[in-house]
Structure formats: C-alpha cells, structure tokens
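Thanks for coming. I will go through side-chain contacts and a few backbone details, and then stop.

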Amino acid sequence: MPTYRIAPSILSADFARLGEEVRNVVRDGADMIHFDVMDNHYVPNLTIGPLVCEAIRPHVQVPIDVHLMVKPVDRIIPDFAKAGANIITFHPEGSEHIDRSLQLIRDHGCKAGLVFNPATSLDYLDYVMDKIDIILIMSVNPGFGGQSFIPEALKKIAEARRRIDESGRDIMLEVDGGIKIENIAAAAKAGADTFVAGSAIFGKPDYKAVIDDMRVQLANV
C-alpha cells in the first residue's frame, strides 16, 4: 500500500492566527504544510513570501511544501530554502531553464519538483526525471483557492504515475485543487499519494474529523 500524505494548504487558513493554525492542523494529523506562493504576474493573485515561511517554520516539524506560482522562479528559490522550505515546486512556464532551476533547488538542500496545470503537457518530464523528487498535478487552474476539482486531472495523474513507475525512481505524486473527502479516493486510485486540501480542511471547524475521514477513504482504495 502506498504511503499517503495529507498536505493542508495554508492559503485557506486564518492568517491572523497562522502559527496556531499550522500547529493545530499538524496536531490533528497533517503530514505536510502546503505553502502557496502567488506573484500577481504568473497567476492573477498575490499571496505570501519567504518571511511567512520563516515565521511558521518554528511552529511545525513536518515538511513545508512550497508551491511557486511565480515567474521567474530562480531569484526566489534560495530565499525559500533559507526560510525553511523542505520541498520546492514550480511550473515549467515559470523558468527559462527548467533543468537549471531544479538543480538550484537541490543545491539548496530541498526536494525539487514540477507542477502541471490542467492544460500543460507532461512532456517536460522527459528530460529531467533524474532531478525530480515530486510531481504536482493541478486539478484546478492556479491562482485561487476554493475551486472545484477538474475530473480530467485523473487521466493526467494516471499518466504521471505510469511515468514514475517506469522510471523506477522514488518520486512523490501530489494533486492540488478541489480535493475533499468525496474525491480523494478517486485521486488515489489514479495514482496520487500526496493530497493538498485547503478549504476542505481549514473551512471546517474540526480539522481532525476531516483528516480522519480522508484517511478512511484512502484506506479503502
């Protein structure tokens, strides 16, 4: 059975109580903290930067999974590594030299990965699988939380799983966008092992109940 990881996205957390929020969600069963970075350039929204990552780092021991929705990415990668990120992913459209950006992340001691929008081809993987620790499939278009899951993403998850299995490498397969209790099992059946959930967790009063219900669904895959 795969090792499943639940990664609540703090984009949906209460930013007035962010330290408390990340402590609580980890206490209630989260495996990672997902950290969405938007620049109002690559995506039409502006969120948080390295200072916020640095601020929450002392509050949790679990990995901080930084998703860069920015362009260009190279300038900001070292800042997030210094701020305490463990995983840094970016969109291939955000880098002029994808191989170099992946190596830059690894050179700073973090796991590296690529993020694929609903209409972005997985072909970018063909030449960089040796530098990838994680693949993130977007099941919504990036830029805003609270969107509905795009069912076509299941086909892309399955294709990414095939590529990972054929490579023989230990690569995480993450899905982000509209993940909730009702569809997490479908994403797992398609091949995902790491699940980003924002409003589905932070939008409910009992984080533990939601995470426990997600694990029940995953146990039945």
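A salt bridge here means a side-chain nitrogen of Lys or Arg within 4 Å of a carboxyl oxygen of Asp or Glu. Please keep in mind that this is a predicted model.

With that cut-off, Lys-131 and Asp-99 form a salt bridge, since their closest N and O atoms are 3.1 Å apart. Where do Lys-131 and Asp-99 lie? Lys-131 is in the loop between strand S5 (111–116) and strand S6 (134–138), while Asp-99 belongs to helix H4 (residues 98–107), so the pair ties together parts that are 32 residues apart in sequence. Asp-99 is partly exposed, at 36%.

That is one bridge. In total, the structure holds 19 salt bridges. As background, side chains of opposite charge can pair when their charged atoms come close.

Asp-212 and Lys-208 form a salt bridge with the closest N and O atoms 2.7 Å apart. Both residues lie in helix H8 (residues 207–219), and they are four residues apart, about one turn of the helix. Asp-212 is partly exposed, with a relative accessible area of 31%, and Lys-208 also counts as partly exposed, at 40%.

Another bridge joins Asp-28 and Arg-27, with 3.0 Å between the closest N and O atoms.

Some charged residues are linked in a network of salt bridges. Its members are Asp-123, Asp-126, Glu-159, Arg-162, Arg-163 and Glu-166.

Now the aromatic residues. A pair of aromatic rings is described by the distance of the centres and the angle of the planes. How many aromatic pairs does a search of the whole structure find? The search finds three, and I will describe two of these pairs.

In one of them, the ring centres of Phe-35 and Phe-80 are 5.8 Å apart and the planes stand at 70°, so this pair is edge-to-face. The pair links distant parts of the chain, with Phe-35 in strand S2 and Phe-80 in helix H3, 45 residues apart. Both Phe-35 and Phe-80 are buried.

The other pair I want to show is Phe-202 with Tyr-207. Here the centres are 5.2 Å apart and the planes are at 75°, so the arrangement is edge-to-face. Phe-202 is buried at 7% relative accessibility, and Tyr-207 is buried at 9%.

The peptide bond from Lys-71 to Pro-72 is cis, with omega near 0°. Pro-72 sits in the loop between strand S3 (64–69) and helix H3 (77–83).

Asn-40 is found in the loop between strand S2 (33–38) and helix H2 (50–56), and Asn-40 is exposed, with a relative accessible area of 53%.

Conventions: Residues are numbered from 1 along each chain as its sequence is written. This is a predicted model: local features need pLDDT of at least 70, side-chain atom pairs count only at pLDDT 80 or more; totals for chains, interfaces and linings use all residues. Side-chain values use heavy atoms; hydrogens and water are left out. Helices (H or I, at least four residues) and strands (E, at least two) are DSSP runs, numbered from the N terminus. Buried means under 20% relative accessible area, exposed over 50%, partly exposed in between (1.4 Å probe, protein chains only). Rings of Phe, Tyr and Trp (its six-membered ring) pair if their centres lie within 6.5 Å; planes under 30 degrees apart count as stacked, over 60 as edge-to-face and the rest as tilted.
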